[in-house]
Amino acid sequence: MSRFLSERHTALKPYVPGEQPRDRQYLKLNTNESPFAPEQEAIEYALAHARSYELYCDTEAVALRQALAERYGVPPECVMVSSGSDEMLNFAFVAFGSEARPALFPDITYGFYKVYAEVNRIPYTEIPLEDDLTIRLERYAGRKAVIFLANPNAPTGIFLPPEDIARLAQRSPDSVIVVDEAYVDFGGASCVPLTQRYENILVVQTFSKSRSLAGARLGFCVGCPQLIGDLQTIRYSLNPYNVNSFTQALGVGVLRDEETVRRNCAAIVENRAYLTAGLKALGFVCTDSMANFVFARHLRVNGGALCQMLRDRGVLVRHFDQRRISQYVRITVGTREQIDRLLDELRAILGGL
Ligand code: PMP
């Protein structure tokens, strides 16, 4: 730390991303990326349609917002795009969080919420999950807050039906509810339609998972025009050129072929069932995940130790230090071949214990 770092940030604990190794060929099941590359047609579309690189990109991302609006059946003024959904989540913290409207989120959820609250100095409360790792929404109702709900939740994968979120919005007219749907395409139902009925629901999504574009950094949100206007004010105050020309065009290119996205998601859903069954046969207990990962614990081995043993065998999965979930590992759902390799390694590890 230099002596110049602002005293506001000396205690800041930054987000720790999952490992992205460069040194050795690992089987990477640790950061919930798609095992499928984007279609070549989408890349070619982007190369042909990206605005010339010597000019700044379209700050309004008109073509991409129009394509998203058509895909989700909402007006373009209800849509905004960002550099990954992480950036959108930060915009939402800055736009809606304050002393008067603190943030609320579960104690076990996406780790970035806490970091964004801290770095932006927004007071926050973490509401414990129930013992079975589910979210009880009554505990969030009737307050004046900005509520962040990953749905499905991460890292549990447990999904809340949109009707429950609609009820929370009705019971919390002074709260903004940010529904982080990073993993919704793997079997969940989206709250996007609710944004057209509730002025206090904002849905955030990403192209990183179901649309295979984690490296291109593209996220978006859907909400009423007033919420979007607030977020645009923040975006224009922080980073108006937030989504580069190539990524904007690539987003449009991928949206032109939703059939491939649907097929890929169906494969992940099928492979999730296959992975879950394989893990259960080895003595793991799994949450009921609706995401592209499985959250599993084994009665005989701690999650941290298992993660390390897998790493030693060239397989990366994710472990979280938090006490309540230290027994678990989170495993990204890959291809059949990747799952078979993981299960073989687990069989060898457990057999040797
Ligand atoms: N929300 C959740 C729940 C996530 O797990 C992630 C992925 N780390 C994100 C948002 C952010 O993804 P991205 O910035 O790649 O869109």
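Here, helices (H or I, at least four residues) and strands (E, at least two) are DSSP runs, numbered from the N terminus. With that settled, here are the views of this predicted model.

**View 1. The whole chain, before we zoom in.** Ten helices and twelve strands make up the secondary structure of the chain. Its radius of gyration is 20 Å, close to the 20 Å that the globule rule gives for 353 residues, so the chain is as compact as a globular protein of that length. Along the principal axes, the C-alpha atoms fill a box of roughly 60 × 50 × 50 Å. Of the 353 residues, 53% count as buried. Take the contacts between residues at least 6 apart in sequence: 73% of them join residues at least 24 apart. The chain exposes about 16000 Å², and carbon and sulfur atoms supply 50% of that area.

View 2. The peptide bond from Asn151 to Pro152 is cis, with omega near 0°. Pro155 has its place in the loop between β5 and α5 as well, and the bond leading from Ala154 to Pro155 is also cis, with omega near 5°. As background, most peptide bonds are trans.

**View 3. Asn32, a positive phi in the loop between β1 and α1.** Look for Asn32 in the loop between β1 (27-28) and α1 (40-49). Its phi is near 60°, a positive value in a residue other than glycine. Most residues other than glycine have a negative phi. Is Asn32 buried or exposed? Asn32 is buried, with a relative accessible area of 0%.

**View 4. Ala61, a positive phi in the loop between α1 and α2.** Ala61 lies in the loop that connects α1 to α2 (62-72). Although Ala61 is not a glycine, its phi is positive, at about 45°. Buried means under 20% relative accessible area, so Ala61, at 2% relative accessibility, counts as buried.

**View 5. An open sheet of three strands.** The order is β9-β10-β12, and the pairing is antiparallel. At the edges are β9 (284-286) and β12 (328-332), each pairing on one side only. On average, neighbouring strands of this sheet are turned by 35° against each other, direction ignored.

View 6. How many bridges join strand β10 to β12? Five bridges do, linking β10 (residues 293-298) to β12, and the two strands run antiparallel. To get your bearings, find Val294, which stands opposite Ile331 in β12.

Terms used. Residues are numbered from 1 along each chain as its sequence is written. This is a predicted model: local features need pLDDT of at least 70, side-chain atom pairs count only at pLDDT 80 or more; totals for chains, interfaces and linings use all residues. Side-chain values use heavy atoms; hydrogens and water are left out. Two strands pair if DSSP finds at least two bridges between them. Axes are lines fitted to C-alpha atoms, for helices over the stretch in contact, and angles run from 0 to 180 degrees between N-to-C directions. Buried means under 20% relative accessible area, exposed over 50%, partly exposed in between (1.4 Å probe, protein chains only). The radius of gyration is taken over C-alpha atoms; the globule rule is 2.2 Å times the number of residues to the power 0.38. Contact means heavy atoms within 4.5 Å. Accessible areas come from the Shrake-Rupley method with a 1.4 Å probe; for residues, only the protein chains shown count as cover.
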